[in-house]
Amino acid sequence: DLNAYAREALAVQMYRDRKLTHGQLQAFLGVKSYEADTLLKKHGGVDELTSDELAAQVQASQNVRRKH
């Protein structure tokens, strides 16, 4: 489907340009996290985190786990 492919390509490019977060990418495409990762790999938009971004994601994950 050309429309779906174009939407995926746009979302991946926006993600690469840091206009969308991973969560926003998921919401925009209506997919789960692992599906978003698959699409990023498919379109060559593999997530390349800086060490600061990775540390922030780890901290956010730990905060969520503490709440539950």
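Trainee: What is the mean pLDDT of the chain?

Mentor: This is a predicted model, where local features need pLDDT of at least 70, side-chain atom pairs count only at pLDDT 80 or more, and totals for chains, interfaces and linings use all residues. Residues are numbered from 1 along each chain as its sequence is written, and side-chain values use heavy atoms, with hydrogens and water left out. pLDDT is the predictor's confidence in each residue, from 0 to 100. In this chain 91% of residues reach 70 or more, and the mean is 84.

Trainee: Which element has the lowest mean pLDDT?

Mentor: Elements here are DSSP runs numbered from the N terminus: helices (H or I, at least four residues) and strands (E, at least two). H2 has the highest mean, 92. The lowest, 79, belongs to H4.

Trainee: Is Glu-8 buried or exposed?

Mentor: Glu-8 sits in helix H1, residues 2-16. Buried means under 20% relative accessible area, exposed over 50%, and partly exposed in between (1.4 Å probe, protein chains only). Glu-8 has 15% relative accessibility, so it counts as buried.

Trainee: Which residues does Glu-8 touch?

Mentor: Contact means heavy atoms within 4.5 Å. Residues up to four places away in sequence are not counted. That gives Leu-29, Leu-39, Lys-42 and His-43.

Trainee: Which residues is Leu-20 in contact with?

Mentor: Leu-20 is one of the core residues. Leave aside its neighbours within four places in sequence. The contacts are Ala-11, Met-14, Tyr-15 and Leu-25.

Trainee: What is phi of Arg-18 near?

Mentor: Arg-18 lies in the loop between H1 and H2. Arg-18 is exposed, because its relative accessible area is 54%. Most residues other than glycine have a negative phi. Arg-18 has a positive value, near 60°.

Trainee: How far apart in space are Glu-53 and Arg-16?

Mentor: Glu-53 is in helix H4, residues 51-67. At 26% relative accessible area, Glu-53 is partly exposed. Glu-53 and Arg-16 are 37 residues apart in sequence. C-alpha to C-alpha, the distance is 14 Å.

Note on methods. Core = buried A, V, L, I, M, F, W, Y, C linked by side-chain atoms within 4.5 Å.
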